[in-house]
Amino acid sequence: MAATRDSDYYFDDGNTVFEAESTLSKVHRSVMARSSGLSFEKTFPLRRRDSQGNRGEVPVIRGSDQFPIHLKKNTTLWSLYAIPSDIVDAMKLESIDPVKFINLVRIAKKYSFASIEIWALKALTSYLCSVPLPVPGSQFEPQAAKELSSEILRELTEVAAVCSRSAPLFEVVMAKWELLLSHGVYLKTAIRVSESRPELCNLHASAYYAMILRGGDLTRNFSEEQRNILLSGHYALFKLWRDHLNSPPQFHSSNDCDPSSECRSHWISFWNDLMGSNSTIPIFNSFHPLDLLGKLEVAQDALQGDNRELEKAYHLTRKMLERCRTSGKKVLEEMGRKTKLKLPDYFKSPGC
Ligand SMILES: [Zn+2]
């Protein structure tokens, strides 16, 4: 099928022709070069291989209707020629088109259009901050009524992982994933997008961890390798839980806390209630036995926080010396941090 000329981006006084999706665009080389960190010739070489594959033997002038430069998509042209009012409209939360900006980031990155890449990443970050998530109680902005789809989140995660300029977007993407995974939403998407990507090892591990906490058989369509990752991670978590159960963390100082005092025995009772099954403290029973991160967090609240649901836990912890409670909170915080760091080792990603 013959390519047709773009109604918006075929300028008669342009000097370079691109073809994307069977549409020809004739634009100004100087306008493109202005936004690129590379020289135009380096970004879009003007010579091509001849029929024998010899590079540069045939000096074809590329960039004409006959020999256009091929692009996958021409999203970049829109950003290069947009007038200020178009840009203002495109950046309004209700009208940000994530697909358009994702394509823009990819092309801008490929051809080193640094300023466009940064601008598009900023638009995607704003979009992600405002779009409602498919979880109860998530932020809802009336102007962005459509919920975030798994497909868009997958693409945003990929873009955030590969762009060196995307730290703010990466941070928001990971925060959204944390909320989604805690509700068991898009678990398999998280696993698929994070496999084989070293930047996403933590997401990969968190997704498998969340899958274990959800319980039930969520492994339909799982490959043998994925099942193995789940099983070996499950076993490693079980061993860690058993170690925790058998060895309550110690933090009572011999100077401040009498070894024979009740402070220590109250701590042991509290720890057994926290880690064991059939706890006498109802809120502890709401955690999956292997949800060590959740348990370590609630235990910190029980030692020093102010949470009405933990009234029964306070009954035990308030009998401890205050300085021991303070040291205990620090120790549990550190245990939680170390447990998080261990997860990628438990659920080994093929790319990590
Ligand atoms: Zn003590």
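Me: Which residue takes a positive phi in the hairpin of β2 and β3?

Reply: That is Glu 21, with a phi near 50°, in a hairpin that has two residues between its strands. Strands here are DSSP runs of E with at least two residues, helices are runs of H or I with at least four, and both are numbered from the N terminus. Residues are numbered from 1 along each chain as its sequence is written. This is a predicted model, in which local features need pLDDT of at least 70 and side-chain atom pairs count only at pLDDT 80 or more, while totals for chains, interfaces and linings use all residues.

Me: How many bridges join β2 to β3?

Reply: Five bridges join β2 to β3 (residues 23-27), and the two strands run antiparallel; two strands pair if DSSP finds at least two bridges between them. Thr 16, for example, has Val 27 in β3 as its bridge partner.

Me: And β4, parallel or antiparallel to β2?

Reply: The strand β4 (residues 69-70) pairs with β2 in the parallel sense, over two bridges, and Phe 18 stands opposite Ile 69 in β4.

Me: Why is β2 largely enclosed?

Reply: Because four of the five residues of β2 (residues 16-20) are buried, the strand is largely enclosed by the rest of the structure. A residue is buried if 20 or more other C-beta atoms, placed from the backbone, lie within 10 Å of its own, exposed if 12 or fewer do, and partly exposed in between.

Me: Switching topic, which residues touch the most other members in the largest nonpolar core?

Reply: Val 105, Ala 120 and Leu 124 do, out of 44 residues in that core, where a nonpolar core is a set of buried Ala, Val, Leu, Ile, Met, Phe, Trp, Tyr and Cys residues joined through C-beta atoms within 7 Å. The helices that each supply at least two residues of this core include α5 (98-110), α6 (114-130) and α16 (322-346). Leaving aside residues up to four places away in sequence, Ala 120 touches Phe 101, Leu 104, Val 105 and Ala 108. Another core, of 17 residues, lies apart from it, and Leu 274 and Cys 324 are among its members.

Me: Last one: where is Asn 272 found?

Reply: Asn 272 is found in helix α12 (residues 262-275), and it counts as partly exposed because it has 13 C-beta neighbours inside 10 Å. Asn 272 and His 244 are 28 residues apart in sequence, and their C-alpha atoms are 9.5 Å apart in space.

How values were computed
Two residues are in contact if their C-beta atoms, placed from the backbone, lie within 7 Å.
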